[in-house]
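This report takes up strand pairing, nonpolar cores and aromatic contacts, in that order. Please keep the coordinates open alongside the text.

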Amino acid sequence: PRYPLRGKVFCGCCSHALTRTETKNHSFFCRYTKVDETAACHEMKISEAKLEELIYQVIEKQAQIILNVSTLSDVGQIDIHVAEQTEYERRIECCMEQKRILYERLVLREINLEDYKSQKAGIDADLSHWKSIYTTLAARINQMRMDATAQSKRLELALEITSADGLTAALVEKLIAQVKVYPGNQLEIDWKIKDFLI
């Protein structure tokens, strides 16, 4: 039968999959150490309802943190960097135009080769400088856009979590690789989405 945590629950002590009881009130227990009284997980048992509740509490708290993080400043920063990038693009075009005009002056013999080389070296230095800044800004904008997209996906997921009434198979499938259960109802969750916890 399908249930949210199917194939996801393991013993934190011996790493074996926990067995789900077939009783009315389902629970998980470590069958592997049932006869080994010296094992730390001997007779370890947790009710399915309790386990789902504990996991959902962790997920819901994380969703609340994500929803409380503001991303408006990042959007404004992208716009500022795009404006800066446009300005450096204009400066690069200006340098290219200066080089074209300088070459025409050389061809028309308005300047000699020495002057051409000297002036061209100055323009090339400026051009290299503006291109370097432009490339750095382009990389930063690209990273900020990727971060904004990832944050948007986290926000969508957080809204889905907070609108759910509890742990669902869909949430488990999106978020959880496996859950390790230790004695005393201690849990360790291996997340599928590594940046879900912020």
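In this predicted model, strands β3 and β4 run antiparallel and are joined by 3 bridges. Within that pairing, F29 has K45 of β4 as its bridge partner. Both strands belong to an open sheet of 3 strands, arranged in the order β2-β3-β4 with antiparallel pairing. Because β2 (19-20) and β4 (45-47) stand at the edges and have a single partner strand each, one side of each is left without a neighbour in the sheet. Helix α1 (residues 48-68) lies across β2, β3 and β4, and its direction makes an angle of about 75° with β4.

Further pairings involve β1, β5 and β6. Strands β1 and β5 run parallel and are joined by 3 bridges, with V9 having V179 in β5 as its bridge partner. Strand β5 also pairs with β6, in the antiparallel sense and over 6 bridges; here I176 stands opposite W191 in β6. The hairpin of β5 and β6 has 3 residues between the strands, and G184 in this hairpin takes a positive phi near 80°.

| Strand pair | Sense | Bridges |
|---|---|---|
| β3 and β4 | antiparallel | 3 bridges |
| β1 and β5 | parallel | 3 bridges |
| β5 and β6 | antiparallel | 6 bridges |

Which residues touch the most other members of the largest nonpolar core? Of the 31 residues in this core, they are L5, L51, I55 and I176. At least two residues of the core are supplied by each of β1, α1, α3, α4 (169-175), β5 (176-182) and β6 (186-191), while α1 provides the largest share, 7 residues. As background, nonpolar side chains in soluble globular proteins tend to be buried together. The surroundings of I176 can be listed in more detail: when its neighbours within four places in sequence are left aside, I176 is in contact with K8, I55, I59, L171, I189, D190, W191 and K192.

The aromatic contacts come next. A pair of aromatic rings is described by the distance of the centres and the angle of the planes. There are 3 aromatic pairs in the structure. One of them is formed by Y3 and F28, a tilted pair with 6.3 Å centre to centre and 50° between the planes. This pair links distant parts of the chain, since Y3 lies in the segment before β1 (9-11) and F28 in strand β3 (residues 27-29), 25 residues apart. Y3 and F28 are both buried, and R20 lies over the face of Y3, at 3.8 Å from the ring centre.

Another tilted pair is that of Y88 and W130, with 5.7 Å centre to centre and 35° between the planes. Y88 belongs to helix α2 (residues 72-107) and W130 to helix α3 (residues 113-163), so the pair ties together parts that are 42 residues apart in sequence.

Definitions and conventions. Residues numbered from 1 in each chain as written. Predicted model: local features only at pLDDT ≥ 70, side-chain atom pairs only at ≥ 80, totals over all residues. Heavy atoms only, no water. Phe/Tyr/Trp six-rings, centres within 6.5 Å; stacked < 30°, edge-to-face > 60°. Helix = DSSP H or I, 4+ residues; strand = E, 2+ residues; numbered from the N terminus. Buried < 20%, exposed > 50% of the residue type's maximum accessible area, 1.4 Å probe, protein only. Lys NZ or Arg CZ within 6 Å of the ring centre and 35° of its normal. Pairing = 2+ DSSP bridges. Contact = heavy atoms within 4.5 Å. Axes fitted to C-alpha atoms, helices over the stretch in contact; angles between N-to-C directions. Core = buried A, V, L, I, M, F, W, Y, C linked by side-chain atoms within 4.5 Å.
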